[in-house]
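Reader: I have a model open and would like to go through it with someone. Can we start with the structure itself?

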Amino acid sequence: MSQAMTLSQGFALPSAAGNLDAYIQAAQRFPVLREEEELALAKRFRDNNDLDAARQLVLSHLRLVIAIARGYLGYGLPHADLIQEGNIGLMKAVKRFDPDRGVRLVSFAIHWIKAEIHEYIVRNWRLVKIATTKAQRKLFFNLRSMKADTDTLSPAEAAQIAAKLAVKPEEVVEMETRLSGRDMALDGNPDDEEGERLAPITYLADGDHEPTRVLENREREHQQNEGLQSALASLDPRSREIVESRWLREEDPATLHDLAARFGVSAERIRQIEAKALQKMRGALGAPV
């Protein structure tokens, strides 16, 4: 936009943001330039940076922008906004137009006008971007007109469209899914209890990572660790080793028979020591015995 605005400095370009009908009528009143007039103005702008010449070139092609923008009304965006974006593309075209190439400005400008409108539609048609690659953009602006009806595409139809547009069939199917979807408010409809319950915010929110919850969990873990260490410290060395070997190892906890062999007693004796130690620890932690 900055390039276009640099070009427009020094002359007033009509705006479609007000009364659209009045703007269209005003644009239609600007005369269409003859080829020799267009060539002379383009050379004045290129050679002398004559902004008045650029203004005349832009104003004489406003009706072209209006006509092109009208073809994109099916995307549900305001006609005035489409025209304004197209005007930016027109100004970029005038800035880059070479009068020595032997082509009329109208032929050169169509690409720039459509490119600017395409960019605006892709940027604003949905909250979530649906066409970011070249193939996706090609599908976005052609798929609906290439479908025979409103039904879901069959594999054969998807393959046929993919071949015509030089894209993959799976990209055709993906774009059809995106185009047929609709935006949903993050917090649902406040007047619809069912909508609120099913709104994305209800299942996107992660309460476990809410800052207050995180701090509470950390404090609880800290207290639990301190209490566990205090409870373990209340045991005699043999009981503590049995509990740690059986319950606190992250890998390969010891069995009753392993500990029986280590301490030279029966597995039943280890079980009794373990049960008594755990009961003592529960008392130290304030848990029900």
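Predicted model: local features only at pLDDT ≥ 70, side-chain atom pairs only at ≥ 80, totals over all residues.

Reader: Fine. How many salt bridges does the structure hold?

Author: The count is 15 salt bridges. One of them joins the side chains of Asp98 and Arg46, at 3.4 Å from N to O.

Reader: Where do Asp98 and Arg46 lie?

Author: Asp98 is in the loop between helix 6 (79-96) and helix 7, while Arg46 is in helix 3 (residues 35-48), so the pair ties together parts that are 52 residues apart in sequence.

Reader: Is Asp98 buried, exposed or partly exposed?

Author: Asp98 is partly exposed, because its relative accessible area of 27% falls between the 20% and 50% cut-offs. Arg46 also counts as partly exposed, at 37%.

Reader: What about Arg262, which residue does its side chain meet in a salt bridge?

Author: Glu241, with 2.7 Å from N to O. Arg262 sits in helix 15 (residues 256-263) and Glu241 in helix 14 (residues 237-247), so this bridge ties together parts 21 residues apart in sequence. Relative accessibility is 40% for Arg262, which is partly exposed, and 31% for Glu241, which is partly exposed too.

Reader: And Glu268 with Arg271, where are they?

Author: Both lie in helix 16 (residues 267-285), three residues apart, which is about one turn of the helix. Glu268 is partly exposed at 39%, and Arg271 is partly exposed at 38%.

Reader: Which residues do salt bridges that share partners join into one network?

Author: Arg46, Asp47, Asp98, Asp100 and Arg101 are joined into one network in that way.

Reader: Changing topic. How many aromatic pairs are there?

Author: There are two aromatic pairs. In one of them, the ring centres of Phe97 and Phe108 are 5.9 Å apart and the planes are at 50°, so the pair is tilted. This pair links distant parts of the chain, with Phe97 in the loop between helix 6 and helix 7, and Phe108 in helix 7, eleven residues apart.

Reader: Is Phe97 buried or exposed?

Author: Phe97 counts as buried, with 9% relative accessibility. Phe108 is partly exposed at 26%.

Reader: And the pair of Phe108 and Trp112, how far apart are the ring centres?

Author: The centres of the Phe108 and Trp112 rings are 6.5 Å apart, with the planes at 50°, so that pair is tilted. Both residues lie in helix 7, four residues apart, about one turn of the helix. Trp112 is partly exposed, at 22% relative accessibility.

Reader: What do Phe97, Phe108 and Trp112 form?

Author: One aromatic cluster, made of Phe97, Phe108 and Trp112.

Reader: Why would nonpolar side chains be buried together?

Author: As a general matter, that is how nonpolar side chains tend to sit in soluble globular proteins.

Reader: Take Ile113. What does it touch?

Author: Not counting residues up to four places away in sequence, Ile113 touches Leu64, Val65, Ile68, Gly86, Gly89 and Leu90.

Reader: Last one: Ala109. Where is it found?

Author: Ala109 is in helix 7 (residues 105-124). Ala109 is buried, because its relative accessible area is 0%, and the cut-off for buried is under 20%.

Reader: What is Ala109 in contact with?

Author: Leaving aside neighbours within four places in sequence, Ala109 is in contact with Leu64, Leu90 and Ala93.

Key:
Residues numbered from 1 in each chain as written. Heavy atoms only, no water. Helix = DSSP H or I, 4+ residues; strand = E, 2+ residues; numbered from the N terminus. Buried < 20%, exposed > 50% of the residue type's maximum accessible area, 1.4 Å probe, protein only. Contact = heavy atoms within 4.5 Å. Salt bridge = Lys/Arg side-chain N within 4 Å of Asp/Glu carboxyl O. Phe/Tyr/Trp six-rings, centres within 6.5 Å; stacked < 30°, edge-to-face > 60°.
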